[in-house]
Every structure is written in C-alpha cells, then in structure tokens.
There are 2 protein chains.
Amino acid sequence: MLSRLYRALPNGTRASQNAALIVSRGYAIQTAGKPDRQHQWQLAVSTLAAVFAAGLGSLVLVQPETSHCEEAKLASAGQTQKSKPPLPEFHQEDIAKHNRKDSVWVTYKDGVYDVTEFLEMHPGGASRLMLAAGGAIDPFWAMYQQHQNDEIKSLLEGYRIGNLAGGQDMSQQVADPYSNEPKRHPALLVRQAKPFNAETPAELLTSKLYTPSDLFYVRNHLPVPLIDPAAYTLRIEGEGLRTIELSLKDLKTKFKRHTISATLQCAGNRRTEMQQLKDIKGTTWAAGAIGNAEWSGVNLKDVLEFAGLDDKIDTEAQHVQFEGLDSDMEGVCYGASIPIEKALFKGADVLLAYEMNGRPLSKDHGFPVRVIAPGIVGARNVKWLSRIITSKEESQSHWQQQDYKAFSPDTEADSVNWDSAPAIQEPNVTSAICEPCNDAAISSSGGTIPVKGFAYSGGGHAIIRVDVSADQGKSWSVAELSSVASRRSRAWSWTLWQADVPVPKDHQGSIEIICKATDNAYNTQPDNVAGVWNFRGVLNNAWHRVQVQLEE
Amino acid sequence: MLSRLYRALPNGTRASQNAALIVSRGYAIQTAGKPDRQHQWQLAVSTLAAVFAAGLGSLVLVQPETSHCEEAKLASAGQTQKSKPPLPEFHQEDIAKHNRKDSVWVTYKDGVYDVTEFLEMHPGGASRLMLAAGGAIDPFWAMYQQHQNDEIKSLLEGYRIGNLAGGQDMSQQVADPYSNEPKRHPALLVRQAKPFNAETPAELLTSKLYTPSDLFYVRNHLPVPLIDPAAYTLRIEGEGLRTIELSLKDLKTKFKRHTISATLQCAGNRRTEMQQLKDIKGTTWAAGAIGNAEWSGVNLKDVLEFAGLDDKIDTEAQHVQFEGLDSDMEGVCYGASIPIEKALFKGADVLLAYEMNGRPLSKDHGFPVRVIAPGIVGARNVKWLSRIITSKEESQSHWQQQDYKAFSPDTEADSVNWDSAPAIQEPNVTSAICEPCNDAAISSSGGTIPVKGFAYSGGGHAIIRVDVSADQGKSWSVAELSSVASRRSRAWSWTLWQADVPVPKDHQGSIEIICKATDNAYNTQPDNVAGVWNFRGVLNNAWHRVQVQLEE
C-alpha cells in the first residue's frame, strides 16, 4: 500500500507534464524549484518502464514508503516506446466504459491509457480531450498534429495502464485530414506543418508596406477546407436580423465594394521571447506572425443592415459571431466574435473580404470570403466564413473562451479561471526590429547602424513614434516613420520605420539594439518580457531586442 | 574684448537656466555632466554682482581669456537682489524699441533685462514672452505667479543690463488677478497657489469610488473667472452649424439631462517621479492629480444636432473646440479641442456638465458649465465654458499646440518640434499605490501587506487586471478590483483595487511595493520611468513604486 500523496501544483505546464511523465507506482518525483513548490505527486498509472522510456535524462525519484532516493538512469531523449510493455490487456468494450470525467481511458495505437489525472491539464481544454474518452485518440492526433512529437508521446506513455487486446490498432484506419492543403511559398518559415502555421522571414517584412500574399503569415487551426465557390453561401442571422443567405455573387453585386489597408497579427507573435524566459506551449513564433495587406470586399455594416439591423434601435445584439468552414471531426467549426460596436460605428471598416492585394483570397487566407476586422487581433478575422450571427453573448468557441486571453505572470495553466480575462480584441502597441537580425555581423565603421522594423497598435491607434537605442536605453534615436498618421483614429495599417543609431563609443564588439513604439494614446511597450509573461504566451509587446556583432 | 564663446546646448531645462543664471561678462560656466555636454556659454548680459545675488551656493567660474578658475563664493539661496547694481539707466521709451525677436528687453520692478537669448528657452513659449517685449513683465508675473520664486528671479537677474530711469516701478500699479479666488478645502495639497493647482492626498483617493468635489484635484491655468449665472451664455458655431447662443436655463430645460461617472486626470499626474530622474519644469504632482465623479448635464451631441449638425452628412468638421471664460490680460482664453468623432459616435458621452456629484459645479471645477469628455485627458475638459466651435482644424491654443504633448526622452525643450507629436487626447493606462504611502512603517507580522490604489486608462478602456509585487517583480499578486468591467468599451471611471501582498521572506527591513495595471486592449505600464521620461513631464505611467519599512 502506498503512502498518501498529493496532487501537485507545479509552476507551469512543462513542470506538470514532466512530472506526470516520470511518476510511476511506487515512486514520487522530487521536483526542483522553491521549497513551497516541492509537492509530492499523486501517483499516476504508468510503470517505471514507461518512465525509462520517456527519455528525460536522469531524475531523482523518491520511493515514498522508505524515502529512499535513487538516481534513475533514464534512457536518452528521443528513445520512445517500441515494444509492448508487460501490462494487462483490455478490450475495446472495456475501454469504452471509461468515458466520464471521473475515469477517462483512451487508446493510442496498441496502448491503453488512463488520462483522468491529465484531463484538467490538457492545453486544449478538458472538453476536447473528453471527445476521445473511451476510444481512440488516433484520429484526433491526425487532426491536431501538434501532438505528434516525442515529448507528448512520452507524456502519454506515462499514463499507460495496458495494451489493446487482439492487436487492434486504430492508427491505420485514420485518413489524413490534411491531404488537401495548398502549396505554400518555400520562403515561409514553417512553425507547424499540420495545421499549417508559418511566418514571414523578418528581413522580408519591412521591404514593402504591403506584404505579398504568398509571403503573408498563415495561422490555421484546422485543415484548410475544400470550398466550391459556385456552391458557397454565407448565412446571416441572429438578434435583430431576418435570416438570409448570400452567394458569393450576391456579395459581389448587391453591395458596395470597399478597399482598406489593414494589418493582421497573431496574438502569439513574438512568443519565442516569452518561451526563452519560461516554457510555454504554443507555436514558436518569432516576430513574423504579422503582415499588412490591401483587402477588398463588402462592409459588414452594409450586410447587417441589408439583413434588417437598425442601428438607430437599441437592439439586444452586443456581439457579431463568425463561423468558418474549417471544422474538426465532430463538425465543430472555428469560431470567434467581435463587439458589435466595432462593426457599426461611423467609419467602421469591418469587411467581408474576397480579395487580398487585388486578387481573390488564396486558400490559406480564407477563400472565398473572410472577415477583416481591422484593429482587432488575427484570431477574430475568421477565414472561410460560413455564418454570421448577431447575439447577446460573444462566441462560445474554444478560441474565444479558453484561448487568446492573457493572464498575470503567476497565473498557471492548470488553475486558471478563463472567465477572469476578456477575449483579446484590440491588441496592444508593439514593434520589432527586422533588420539587422539577431546575431548579425554589422560594420561599425560608419559610426551608425541602420535599423529597420515595424510598429503597430490595435483599435485604430496610430503609431506616433518609435525610439531605438544601442546603449541599453541610455539614449534613444527617434526613427523615421513610413507614414505620419498621428491624428488618425482609424490607423489600421502598421507603420514601417528606420533609424540610424549611433554606435556606442564603449562597445565591446557585441551590442543589443532595442526598439519601442508609442501610439496616439501614448501607450508604449513595457521594458521587459517578465512583467507581461503569461502561460499562453500571447501579446508579448516588451521592448524588442536584437544582439549584433560589430566589426570594424 | 572677450573670446568668442558658443551658445550652450545643455541637457534639460534646469541646466540651461542655472547656467544662464550665473554667466556674466568675463565669465563662462563650467557645466557638470558628460564631456560632450561641457559647452561654454555665449555670455549673457548680467554682471558678476547679479551672479552673486543668484544665491546658488558655490560654482566654478572660468574667465575665458585666461582660463583662470576661481571658486566663486555665491551668497546663500534665497538672498535676492536688494539694491540697484551699478548699471546704465534706460528710459521707458528706449526699452520700448526692443520689442522684436532679435532684441527683446523687458523691465521688472526697477530692472532692465535683455532676454533675447532666453526667448526660445522660455517654458511658456517664445510667443508668450514676446507679449511683454519692450515693456514691463510685472503684470504678466502677477497673472502667472509660477514666476514668483527666487530661482526664476535670479535667472532674470542674469540678464540684467541696466536700471529703469526715474525710479519707475510698474509693480505697484498691478492689480492682483487672483483677488477673487474661492476658498479651498484645507486638506488639498497645494502645488501652486496662483494659478491654483492642488491635488488630493493619496490616502483620501481610494476611500470612495467618487472623489468628494471639494477634495477633487484642481488644475487651473489662469485666475478663476467671476461669472454671473443669470447672464451666462454659451455660443455654439462653426462648420455645419448655425450659430446659436444658449443660456444656462436653455441648457437645463431644452435638452435631456444625462449623468455619467467619469475620471479626470491631469496629464502631469505622477510628474514628480520624472522630476526625480531629471529636472522638469511643471507642477510637482505626486499621484493625486486624478479623481472620479458623477457628472450631470447635457450631451454635446444633442447640442450640436440642435445647432444643425447632421451626423449623416460628412461635414468638414473634424474637431470640436472649446473656449473657457478664464483668460489672460490680453483676453486670450484657455482653449482646447477634441476629435469630433469622440462627440458623435453612438454612445458618445461627452457632456456639457453643470453638476458634479449631484450639486452645481463649484467655482474651481468650472461653474456654471464645463466640458466632461470622458476617457480624454483633463486638459481638454474645458471649464467655465463660453464657446464651442466645430472646425476643420484643432484648437490653435498654446495648450493644444505647445503643451500637453510628450516626446522621446532625448528630445529637448529648446529644440523640440511641437508639431511632431499629437496633442494628448486619450491618456495611457496607469495605476498607483495610494496605501501604504512612501516611507510608511508597516507591520509584517501578518505575513501580507494590504495595498490599495487606483487604475485608469483613457479612451473608455476598462482595467482588466492590476498586479502587485513586493519582490521586485519576481512574483505578482493579482489585485481585487472594485468593478469587473472587462468587456465594456465605455469604461470612463477609474478602477479602485486592493491586494494582500506576501511579505518577501528575505526582506532586509525595507521593501519596494510595485503595481501595474492592464487594460482591455492588453496595454500595460512600462517598467521604468526612464523610457517614458519627457521634458514636459507628462503621462508618466511607469510601474508605480513605494518604499515601505517593515516592522515585526
């Protein structure tokens, strides 16, 4: 009989996952960190064999009853489970009974796993994991291929309780939902293949005010849907509206065409800087998950009025929800919403866009129709738009309610109250240095260093100034801005900038260049990442820093 | 004949003024600071006697021709000019000829001063100083009594070239423009007597959501005007309007009464923290130049529509200008403007307010009518309102064009391009700790320190979180907010907050408590003052810090 051990509350996601990973019956992990973090762990269901298979190097394991410590020599990283461990066999019908939150079993290939303890730690949310309860996770992992790495596979092995009887293996029966993905430009920096997430190389960002469409960052949450434009219909319904359906031709012919310039940015842009401070799950974006384009389409306001919305009447509608045609295996589609006033104010420029930079939208950017909600974070600019709903409530989608929110640095993934923070709408003021790039060798002979970058702020706030320093903020050079838009309240486009920054006299060969932007509400960027670090790694807008080597 | 010396370009206002102050014929000041700042000064017109009268302690003076240094023992501070120095006499008619920018003479009491060199350094602007060119500054200093201190008097003596012939002395002929000021609450912390500028003590700020009217900070630019409410008229005119005049009774009877809660904050709030880093001219506000009240009056939108403005038509008007009845000797009144869209959007709450906290406005707060432009910096909320003008251009007043703007830390007062920054409208996100106060002695026995404060952001952005740290930002406690307004886009009121912050285990008796707020655009405060320091000392929103002593 084991001692009673306690559920751990470790600091951050990696700690919890690593710990869960190596815990086995008869052993507890002695966690690193501050004394008050040294919890012992309620034992999971894995075997020591699985621990050794996890490939995490060496860790101190404590046998609770004796407090005897031994150093467990773990196999090297990357060495994953190859053969079935000597464990009980379970049949599909036994496993299917474990489909409630108090006992969640899943299968993956020939393994059976009790993931009850992991349920609330699942980065995608407990409800997502429950979709697979009592059955195979193989088709889900085919859809969400961010699971397909050794670390996560090892984590799963930590929960192994048995083998699937009769050699059943679901993995062969799963079709690849990503078989219809479009071709992409080879210069894109791919951060995740399936779903496809890729960013623009920094040095290509600042060469043009408008980012070329095929170099524009792509942030997909699901496979790209196959859509026949001739059969495409957009359904519009909800509070204060009569339900209507519009074809692509209707959109193009019944409404006035509008063109706007607008920047889109992923909320996770610049996440890597946060990840360098402390581990975060999420796409490893450098600074290139942002782009600026010219978008053409119809004004959402015109379409809502066509469907009967009367701006003069105080309707009950507070939000406009958008649904995409990209959906998972259960038919749950990507969804998001914006506050209705963003669509209705005089001069509101929210578009149902069918063109990007003068050409039809590409598959990756939402063909045939997407939302362009300028000044609002990328995640609400729903692609492959299928449905618009005016409503009292905001979108109840996972991405609106349990993602794309930021919290205090000490708020942890496994204890967060998602309702305590609002869904990101207007992103904060930010900027980044695109040239020179990190670790570049730069000639100091001219006495100055040419520096280029972008700056952007949400909500239509214009960038009024960018300051650049090469001496740790002791002195600042004011950058030349690509546009002077200081008095505009609808500045939807980023501002490109350049500065010639004096080489500091006392440099030791290596210097850090820093930039920070100020918008027309005089908001500016915080000095350091630490104060804005959050476990989702979103909205990092700390001063951007690159290290360069100076050469004579 | 003196050596040729160069015009100084010192770093910041105090350096230039101190230097000008002690420079005399035959002497140049050796300034402190970095070698590249050690300029020698073009000699002003004062005598060494004036230098000694300046009362600045001891300074090293350099006689240029010999490079001989001597330590000039200056009289102690406060010892100002008592008797006429042995200088030439000038008659009023001679002085009057020096009224152009290439030669500006003024008189003060019995002194004659050549202030040509100082013109561009004048903190109130060259044009203001030119109003007195060729004549007496005594009546101006009676109006702008911020000049009435030993430092500025000594600065003036540095420019003395002679005495006023015939013993003429304007000072006796000047009536005090401040003879009609109202009584004020004794608890107000007076930062300047004339014009009256006073703030609320921090410990009284957070006791109530609504700041009592008589404890609400007062920021006057000029004497409080005497206004007969029965004779009061408000004139409304400009682009797209027919000119109308409304009495106080008209306002109260012809329009719907509205009540809103809104916070006002002076752009200079928390200037002292910037002043501690580097000297800044301006009222020495701590964190109490902010307050929250309930305001009642009529909606500006209703009044503009009554005057014929049609929101449906794209008028030429881009701004709404406001003029106050407070004016200087030339009849130049206080003025400011806001972008017209702030007054016209659906739900715009800009009021012509006649009540504060349920009672008629007090004299200090703009009786009988003032502007309340919620979400916009205090300076645009014009008091003693006399005139509203819709216009293509923003207000051309000094306060809109050459004040209430912020620049890069290295931008200097005497070389600034005022047009390079926009007039402050929406202020940035900020917060401050009100309790405990700086240097307070706090018991650490409970293990936590109770901390209270306010947080506010402009533009209707709600505060969604306040983080508090007692360990230099290594860990953060999330404060409890007075209101959860995270999804509102018209959050005009501040958010009060409180937190119980753990006492750091390794404290040495003295700790720093830090707070920072985040608004619903996820903008937050910069870590340090240095990056947002500006020569006007406005919009300091760095993390707020108080030092406390811990006792067992």
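Biologist: What makes strand β17 (residues 333-339) of chain B count as mostly covered?

Modeller: Six of the seven residues of β17(B) are buried in this predicted model. A residue is buried when 20 or more other C-beta atoms lie within 10 Å of its own, so six residues of β17(B) reach that count.

Biologist: How do you know that β16(B) and β17(B) pair, and in which sense?

Modeller: Pairing asks for at least two bridges. Strand β16 (residues 319-327) of chain B has six bridges to β17(B), in the antiparallel sense, so the two strands pair. One bridge joins V320(B) to I338(B) in β17(B). The hairpin of β16(B) and β17(B) has five residues between the strands, and there G331(B) takes a positive phi near 85°.

Biologist: Why are β9 and β11 of chain B called edge strands?

Modeller: The strands stand in the order β9-β10-β11 (chain B) in an open sheet of three, with antiparallel pairing. β9 (189-192) and β11 (218-219) of chain B each have a single partner strand, so one side of each is without a neighbour in the sheet. β9(B) meets β10(B) (residues 197-199) over three antiparallel bridges. V190(B) has A198(B) of β10(B) as its bridge partner.

Biologist: Which residues have the most contacts inside the largest nonpolar core, and how many residues does that core have?

Modeller: The core has 225 residues, and those with the most contacts inside it are L352, V468 and I513 of chain A and L352, V468 and I513 of chain B. Setting aside neighbours within four places in sequence, V468(A) touches residues including V451(A), W476(A), A479(A), V501(A), I513(A) and C515(A). Another core, of 22 residues, lies apart from the largest one; V112(B), I137(B), M143(B) and L155(B) are among its residues. In soluble globular proteins, nonpolar side chains tend to be buried together.

Biologist: What makes you say that the same surface serves both copies?

Modeller: Of the contact residues of chain B, 100% recur in chain A. The contact takes 43 residues from chain B and 43 residues from chain A. On the side of chain B that touches chain A, α11 (341-344) and β25 (463-469) each supply at least two residues. β25(B) gives the most, with three. The residues of that side divide into 19 nonpolar, 14 polar and ten charged.

Biologist: What can be said of the fold of chain A as a whole?

Modeller: Chain A has twelve helices and 30 strands, and 49% of its 552 residues count as buried. Of its contacts between residues at least 6 apart in sequence, 70% join residues at least 24 apart.

Biologist: Which feature does UniProt place at residues 87-165 of chain A?

Modeller: The unreviewed UniProt entry gives "domain: Cytochrome b5 heme-binding" there. In the model, residues 87-165 of chain A are 30% helix and 24% strand, and their end C-alpha atoms lie 11 Å apart.

Methods
Residues are numbered from 1 along each chain as its sequence is written. Chains are lettered from A and ligands numbered from 1 in the order in which they are written. This is a predicted model: local features need pLDDT of at least 70, side-chain atom pairs count only at pLDDT 80 or more; totals for chains, interfaces and linings use all residues. Two residues are in contact if their C-beta atoms, placed from the backbone, lie within 7 Å. Helices (H or I, at least four residues) and strands (E, at least two) are DSSP runs, numbered from the N terminus. Ala, Val, Leu, Ile, Met, Phe, Trp, Tyr, Cys and Pro count as nonpolar, Asp, Glu, Lys and Arg as charged, and the others, Gly among them, as polar. A nonpolar core is a set of buried Ala, Val, Leu, Ile, Met, Phe, Trp, Tyr and Cys residues joined through C-beta atoms within 7 Å. A residue is buried if 20 or more other C-beta atoms lie within 10 Å of its own, exposed if 12 or fewer, and partly exposed in between; C-beta atoms are placed from the backbone. UniProt positions are given in the numbering used here, feature names are shortened, and annotations may be inferred rather than shown by experiment.
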